[in-house]
Amino acid sequence: MIFISHVSAEEQPCSSQALQTLYDPKIWVTNQSGMDLSEAALGNLRFTVATVWVKSKRRQAAAAFPQKLVDGRQTVHTKGGKYNAHAPTGLAFSRETFAKLTPGPFLQAHLQQPEPIRPNGRSLHAFRTPTIHTGSLSHSNGSAVVRLGDTAVVCGVRAEILLAADIPHPPSEDTSEDDLVERLGLLVPNVELSTGCSPDHLPGNPPSTSAQALSYRVLSLMHTSNLIRPGDLSIQYMEPASDDDLPDEGPKTVTKAFWTLYIDVLCIALDGNPFDAAWAAVISALKSTRLPRAWWDPDREMVLCSPLANETHGLRLDDIPVASTFDVFSTGSALKQRSEAESWVLADPDGFEEGVCTETATVVVRSEDGDAGGITRLEKSGGGAIGKAAMGRCVHMAQQRWREWQGVLHGG
Amino acid sequence: MQSDRRRLNPPPGGTAPPVFATVPDAKPQRPTRTRKPDEHRKLFLRTGIVPSASGSAYYEIPPQQQQQTGLLVPQRSSLKITCTVHGPRPLPRNAAFSPNLLLSAHVKFAPFATHNRRGYVRDASERDLGAHLETALRGVVIGERFPKSGCEVVLTILDGEEDGWGAGGTEVKGGGWGIMTVLAGCITAASAALVDAGIDCVDLISGGVAAVKYAGRHGGQEDGVVVLDPAPSEHDGEIMAACVVGYLQSRDEVTEMWMKGDAGTQVQTLIDEAVKAASLVRAVLAEAVKDGVQAKVGEAEDEAAMAGSAKEGKGKRRCSGIYEAGHLDDLLVRTPF
């Protein structure tokens, strides 16, 4: 772990001891949220632009970023006033090394420029362009592959039959239809991260807390947004008229079984923001799901399905909610005044930014009057840097993202 | 299925897969093998799909020509395998000293990969596959160059080969022949990923599978014909024995061999055909690995260039040679932001 020094300008150590600055015992440890970018530390570490990332925008970011610091003779404007860095000689760190040693100050230095830019080349509010491909799996009722930058997830939907007679505690007659899907547990999503998608998620361990939380968030979002109607999932049977019936009663329709949808999301590659990608994959897979025509056979007392492809029906999903995640990078810490802290909201964080930021917010938006509108869900955790105004901006960005997604979901 | 307390569980009543009724007037034709006995299906292989891993590869055998029968159950399944390699990484502090690289292979079928839904907990067949794969890779990795290190090879099978043909309304019989083709694919994919990760190997290992079939109840060729790359849906009920080998072509060595069934007098022919299948696969493997390395070298050259250069890095890598693209194609394209 690298330590950031609070060495004042006058005590600037000799440039050939730049490395010593970092390991000086008088330097104190800051935790991740208490990052403070010392003028001295930056001024003495000259990192060259030699290592440039291949993507053109990243190159722009790299070009833009260390301009002030490459030479060392430039004036570094940081909070607390100007500081003249002396020309450093000797040690030079590459960008990658700097990012690995001090991820927080690295990100902060990018964001503190007059035109804030992120290390991956995106602007603060830019989302990654999604790509969706459906129908590629041969054993599923519906499937989707979603790529969001370097994050890739595969979702497969399998439908199985739950007989009404097998339900241990059947819901009473006056249960509202909206709650039926939740009461019976007809949607079973699972997000699996331990597939080797990143070095932190290797198989052999049971799902971590974050993985379990992801599955649960997807499930609760599906229930609260009433995504699937119970009518699409029930298999009904019209009982034939018998002698016991009263003459003016029509034939009764009884629900004999339900379709249960197993929604399995596997993460193939992870570079930040698994929730948005998983939710998009679930939505696309459900949109492309085809359920066979099923009926109750009274002689065999079982449910039979038709194997013909033209007798399948899809699920009615007319109002699709779209999720957008934001991370907040803040320089605040418990040891400083709140007013001194700066914070930036980063849309669609990638793996590096997720490791550095502690605060996160997710906004789920669905349509209202044909355009992006109603907020279905708002989640925020990890800190107090976002206020009402910033949250309002996040909601606005989420609505913009909803419009982008409509094009991809319905066009692709 | 046991209830897994860390995952969301099915409804308490328990669910069953749908049972399809037979439709008398729509009798589908069983697919037959149209290629020659010594011809392999088209393969698709690409490396570098997971940037955060040390190395990765994606292997696919696309579905052959689908007959339009209008039936829901697929005629022929495809095989899709993703492999990621994480390593060499340092062993944990409390681990004993090991002078060689500690290789561990994990194979997992996705829940939606097979006809019957699989759970998330690894079962015996997946552990068995992992053991076979480890045997194959141990013979090819130069372990003594990486003391005190470990390497994880993780495979996820997104779409697995079926054991038989399920569209005729008959049950898919066991026999487990599909898993032989899966193992051959796993060996090839793991080999590509290891090379992508830069782990020293003596050679490229490729997996090949062959089977002995008899005429069976559908008529056809005479008994005891040995075929390369058997697709179980084409040879439903006809396979008598099958063999998978992991083969190093330039050293003419077999690191792993798994034979199932009764091959009778054809044992030697069966092994030879499997080795021939592995040689055919190696051509695709070498092409894919070369493409991957060229792309990496191209990116490294771009990185060495200064910021002002206008040269665009290689965003999209060429497909491997003459083989057609797989269906999860956009999974593999690394587009710039």
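Helices α1(B) and α2(B) are oblique to each other, a word used for angles that are neither under 35 degrees (roughly parallel), nor over 145 (roughly antiparallel), nor 65 to 115 (roughly perpendicular). This is a predicted model, in which local features need pLDDT of at least 70 and side-chain atom pairs count only at pLDDT 80 or more, while totals for chains, interfaces and linings use all residues. Residues are numbered from 1 along each chain as its sequence is written, chains are lettered from A and ligands numbered from 1 in the order in which they are written, and side-chain values use heavy atoms, with hydrogens and water left out.

Helix α1 of chain B covers residues 124-138, and it packs against α2(B) at an angle of about 45°, with the axes 10 Å apart; the axes are lines fitted to C-alpha atoms over the stretch in contact, and angles run from 0 to 180 degrees between N-to-C directions. Helices here are DSSP runs of H or I with at least four residues, and strands are runs of E with at least two, numbered from the N terminus. On the α1(B) side, the residues that meet α2(B) include Leu129(B), His132(B) and Leu133(B), and their partners in α2(B) include Val182(B), Cys186(B) and Ile187(B), a contact being heavy atoms within 4.5 Å. The residues of this contact between α1(B) and α2(B) divide into eleven nonpolar, two polar and no charged.

Helix α2(B), residues 178-197, also packs against helix α3(B), residues 267-304, at an angle of about 25° and with the axes 10 Å apart, and α2(B) and α3(B) are therefore roughly parallel to each other. The contact of α2(B) with α3(B) holds five nonpolar, two polar and two charged residues. Among those taking part are Thr188(B) and Asp196(B) from α2(B), with Leu285(B) and Lys296(B) from α3(B).

Turning to chain A, there are twelve helices and 16 strands, and buried residues make up 54% of its 412 residues, where buried means under 20% relative accessible area, exposed over 50% and partly exposed in between, with a 1.4 Å probe and protein chains only. Ile375(A) is found in strand β16, residues 371-381, and counts as partly exposed at 44% relative accessibility. Leaving aside residues up to four places away in sequence, Ile375(A) touches Val363(A), Val364(A) and Val395(A). Its C-alpha atom is separated by 10.0 Å from that of Ala323(A), 52 residues apart along the chain.

Key. Ala, Val, Leu, Ile, Met, Phe, Trp, Tyr, Cys and Pro count as nonpolar, Asp, Glu, Lys and Arg as charged, and the others, Gly among them, as polar.
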